[in-house]
Every structure is written in structure tokens, then in C-alpha cells.
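Here is a short walk through one structure, taken a region at a time. Have a look at it first, then read on.

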Amino acid sequence: MDRIEGVLKEERVFYPSEEFRKQAHIQSEEEYERLYRESLEDPEGFWGRVASELHWFAPWQKVLEGDLPHPKWFVGGKTNLAYNALDRHVKTWRRNKAAIVWEGEPGEERVLTYYDLWREVQKFANVLKRLGVRKGDRVTIYLPMIPEAAIAMLACTRIGAVHSVVFGGFSANALAERIKDAEAKVLITADGGFRRGGIVPLKQNADEALKDAKSVEHVVVVRRTGEEVPWTPGRDHWWHELMDSVPDRCEAEPMEAEEPLFILYTSGSTGKPKGVLHTTGGYMTYVYYTTKLVFDLKDEDVYWCTADVGWITGHSYVVYGPLLNGATTVMYEGAPNWPEPDRFWQIVDKYGVTILYTAPTAIRSFMKWGEGWPNRHRLDTLRLLGSVGEPINPEAWLWYYHVIGKGRCPIVDTWWQTETGGIMITTLPGAHAMKPGHAGKPFFGVKPEILDSEHRPVENPEEGGHLCITRPWPSMLRTVWGDPERFIQQYFSQHPGVYFTGDGARRDKDGYYLIQGRVDDVLNVAGHRLGTMEIESALVAHPAVAEAAVVGRPDPVKGEAIVAFVTLKEGHVPSDALKDELKAHVAKVIGPIARPDEIRFTDALPKTRSGKIMRRLLRQIAAGEKEIKGDTSTLEDRSVVERLKEEA
Ligand code: ATP
Ligand code: MG
């Protein structure tokens, strides 16, 4: 692959302050290197030591048995994630510490202490048992971002039921598909949820879904909006009524380390959603430890991850990771721009948030709305920032660093996937220098490799290739629910014997990884391989551009022509002159080879409901296809695609 000189070759490097470094869990690169080496040389000793920080009902006989694709972690060990997230803390001074600080979109506040949460979870565990849920049964959770979502998840975990959380923004159809695939016995939903001042009709969607998904015997409904909802007597039950009549003690079920914990369907940026299965002991251990070290989490922190519980980030880093560490985790129900574009900064100010973890799509929106909004609020409690979900363009990184972090807070750019369960590549905030656009180094126990199409490590890692993981790690997915062949086919067939992530990456001379985006999105222009991320970052670096998505269109001469879909910042108007300027700009920053053949202005890009650009749809639009093929159930706004087709 040809080396592209561009914005991402920029050498800007940032260091954590001495003050931050001195208080951090991991304080130097040497310490990181020593532990990293140890984690690869002696994974059993390393992970055994980490797992010992948690409670086990029965000790494991072996930390790691077997290899990819079917490793087993903590064989013979028995534990329970909810026990570790709650009971462990209520036995200590943390009993009355805030576990969840919640804010609803209309503005209500709710604080649950560890003791409150512990009791609520046990009550709901008893509710589930009363409804006939047994260990191993599947429970679908379709809720807004309210504490009941975390309570329901932990209650399942407590009794060994397997939860499948479906994002509350999904349609009836998407919900039905997921219920059917998991064969869920119980569905937990709400009368509705608040979003941008409107109401999401969750119960109505659920009823619609259940016409098609027949496995569900009982529906538990949280009263959130107070709206009238259709009701099926015998099947439907109010959450608060069930909770009134059950005891508040329910022992945690000792689970074998390899017993199923949850199923989560991936967001579907690339195709039909896959039911990723995670198991108990390895997931718990890895998520506990990554939360602690990557976010440098301390008892004094007020930690806020803005993800929805419907995504893996919500599972690992809103609910399980922070609670396993006895931290205070903030949950917010609504949109970042409701009622005004400063809602996030208001929340940071109001609760004294110290750690903020959000997504590039949100950061690019904040940039578009302007720094006037964050500047209205005190953000001086913040000490660490995080990013996840897509590559973060250096321009957005710098804005986040200066405008939100005031040049004081390290940023962790965390690369990982639903399938990996926890963060895989990142800097550790007290130990590493930061390079905007580069995720960083592998976390402990993670062995990445960049392979070429012949399955060999690329000769020059700076030129990029397929990002693979060559050793088992504790929180890896164990299978695709109900489809073990797809598990092998999807992840272990392209490069035999190793886990293929589907992403392209480069590694620089310091061992820092830069994620280039999905390999399916990488362009091939006149024999040069160009990452979409690189051209998009060049475009976003132009003062008029808010967001950009780049795709290839088949071209008889060049192989692929570069088509860029661009949204503009407020105050800028589309024009042919601007198109020419943007083309010239990309050619200047990256090189003539990357000059877009076509620029298309649009008011919005098609995204998944988790906020990721769906380039596979744009590829079809760029090629002028009339019918969009492939799964679009996770598309946030269907009308965006229709408009784009018309604009063509
Ligand atoms: P599907 O696999 O169904 O298409 P998805 O890949 O969007 O959906 P997730 O598991 O939520 O579902 O996302 C993981 C992907 O997100 C990664 O493979 C990568 O492409 C991207 N990603 C996540 N974090 C980062 C990051 N920090 N830098 C670059 N890319 C990231
Ligand atoms: Mg994926």
C-alpha cells in the first residue's frame, strides 16, 4: 500500500501534565511497557491477579485454556457480575455513595446510592423469577436511558438470565427481529421515552413487534411519560406494581465463568446485525480493569459516558465497568441539543463531572454549533476526556482538547468493538503522549497485528493493512448467537487462526495505531489505497466543513473515483467555487492523488442510530443505484437517504 502524506502525518504530540501523571494509576511509559510485556509473557499470571481483585464464589482451576477462536477463561471459576458491581460495595463505606446520578430530558434528577441500587436490583430479580425467568432464559430490554435500564440489566445478571438490550430508538421491526433471534421470554419496556421534547412510543412499538415475535410471554412496562398506552391484560404488567409485591433480597446466582452473560446486536454499519455473545468471568474482569486504567478512575470521580445502554459502550462503560469499580456513573436520558446545544455542558457543570466519554459524531456537532455554548459553563471539574465509535478527525480532537478540556485534560481515543467487549487500543492517560488521530497502544494482554492480503505481517506497518488480534483476550465474543458458523466465517476465516476486526490500521515507529476505518470503505484510486478517514479529516480541517463522508465510485480509468459528501458549518453556503476550493484543499493537504472527483453538499449524512456514518449506503448513492440494497434497519433517518438520491 502506498504511503500517503497528509494531515495525519502531522507530528503534533501532546503530553499529560505532570500533575495528572503523578496521581495516575499508571504513571509512565516504562511502567506500561513492563506490564504489557508481562501480560503477554504470562497471561495467566497477569489476568489471574486482576481477577483476584474481584469476588469469586469458587476459584478457577485454570486462567486460560485453549486458543483462538475458542479460548476459555477462568475455567471452573464461579462468580456473579451483579454481586461484584453491588454487594461488594454495600459491604463497605460505599453503601451510601451515589452509584447512578440520572437526569431526564425534561430535567428531573434521580440519585441511586449503591444501597438503593442493590435493593432495586434484587427486587427486580425477584420480579423476573416470578414471571418464570430462569437461568439461561433471554430477556429483551427496550427502554429509554433511565435507571430502570441498568436495574433490569443487573437483575438479569444476578439470576443468570441473558439480557439483550435493544436501543430505544429502534423501530418495531428492528425490535421484532432481535426478539425473534434471541427467542426472548420477557420484554421490558416503557410507556414511552423523551427525545428532543417529543415522546418515543416505545410501548406501541413493542406491541407492534410482538405481533410478529411470539416467544414473549410477559411484558413489563415502566411508567415514564404517563401517556395512555394500549394494554394486553395477562401479558402486560406495570413495573411499579410488580415491584410493590416482592421481597428486596435475592441471592446472586453463582455463574460459571464461561456461562452466557448477554447478547448484543451490533449496530449494523456493515450489514445484518449479529447477536454478539459475551460470557461472565472474562468480560467482567476485562471491563473492570480497562475502566479503572483507561479512565484512571478514582473514588472521587464523577464519571459520565454519554452512550446509550443500547450500545456496547453503554453496557461496558456506563453500567458494568463503573459499577464494578464502585464509581459514580452519570446517566442522561435525552439529546445533546435539548432544549439548547449546551445541555451536555450544563450537566458537566451541574454535577461536577470529572471524566467525560463521548463520540466523534457528537464532538463534530458541538464544533458546528460553536464554542459559545460550552463557554457559558464551568467545565473546570473535568480532568479526562474520552472518544469512541469512529476515528476522531485531528481537527475535532484539537477542538475537544482546547475548547472542552482547556488544554488541561488528556484525551483517550479508545478503539474497540461490540465483539471485543472492552477497550483494546488506547493511550493510558498518565503514561502516554497523545497524537491526534492515533488511537494509541494496545491495552494489556492485547496483541494486535497488521496483516497483508497474504496473511503476513505487513512489511511496513506505516503503510497500513488489516487490523487483526492474534491472541485470546478475556472479553472477546464467544460466538454469534445461534450461528456458530457465522462466528467463524465473519471473524476467523479471512485470516486463518486470528481474529480479523474488519478495520484497517497503520502503526507508526512509536508503536501507535491509527485506525483507517473499515476495510470495506478503503478506496483504491489508481493503485493507491486511501483510507476514508484521511480524506475526510482533510475536509473537516477546512473552516467551512462540518462533516464529510468519502466513498469510491467505480471508474473505468482510475479504478475508483473519489466522491465526498459534505455538510457545511453554519454561515457557509454551497457553491461551485467552494467545491473547487475543497478539492484543491484536499489535494494540498494530502496530495493530488486524494483530490475528490466530485463534491456533493448535503444537509445531513446517513448515520446509524449510534451516530456512525453509513458509507455503504453512500457508495450505492454515489454509483447512482436506484434501489438501496442491504440492511437499513439501523439507519437513523430514512429521509436522509431519499433526499440524497433526489439531489443526485
Ligand atoms: P457492524 O459491525 O454491525 O457493522 P459497528 O462496527 O458500527 O457495526 P460497533 O461494534 O459499535 O458496531 O463499532 C465498532 C467499530 O467502530 C470499529 O470496528 C471501528 O470501525 C469503529 N471504532 C470504534 N472506536 C473507534 C476509534 N476510537 N477509532 C476508530 N474507529 C473506531
Ligand atoms: Mg463492526
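Does Arg196 count as buried, exposed or partly exposed? Arg196 counts as partly exposed because its relative accessibility is 42%; buried means under 20% relative accessible area, exposed over 50%, and partly exposed in between, using a 1.4 Å probe and protein chains only.

## Ground rules

This is a predicted model, where local features need pLDDT of at least 70, side-chain atom pairs count only at pLDDT 80 or more, and totals for chains, interfaces and linings use all residues. Residues are numbered from 1 along each chain as its sequence is written, chains are lettered from A and ligands numbered from 1 in the order in which they are written, and side-chain values use heavy atoms, with hydrogens and water left out.

## The annotated site

An unreviewed UniProt entry lists Arg195, Arg196, Gly197, Gly198, Thr313 and Asn337 under "binding site". These residues cover 143 residues of sequence and are spread in space too, up to 25.0 Å between C-alpha atoms. UniProt positions follow the numbering used here, feature names are shortened, and such annotations may be inferred rather than shown by experiment.

## Arg196 and Asn337

Arg196 sits in the loop between β9 (193-195) and β10 (198-200), while Asn337 is in the loop between β17 (328-332) and α12 (343-351). Helices (H or I, at least four residues) and strands (E, at least two) are DSSP runs, numbered from the N terminus. With 22% relative accessibility, Asn337 is partly exposed.

The two side chains are joined by a polar contact of 3.2 Å (a pair of N or O atoms within 3.5 Å; within protein, one must be able to donate a hydrogen and the other to accept it, and residues adjacent in sequence count only if both atoms are side-chain atoms). Setting aside neighbours within four places in sequence, Arg196 is also in contact (heavy atoms within 4.5 Å) with Glu105, Ala335 and Trp338, among others.

Helix α8 (residues 202-210) has seven of its nine residues buried, so the rest of the structure largely encloses it. Those buried are Leu202, Lys203, Asn205, Ala206, Asp207, Ala209 and Leu210.

Where α7 meets α8, Ala172, Leu175, Ala176 and Ile179 come up against Asn205, Ala206, Glu208, Ala209 and Leu210.

## Helix α12

Over in α12, the buried residues include Phe344, Trp345 and Tyr351. Just after this helix, Gly352 takes a positive phi of about 65°.
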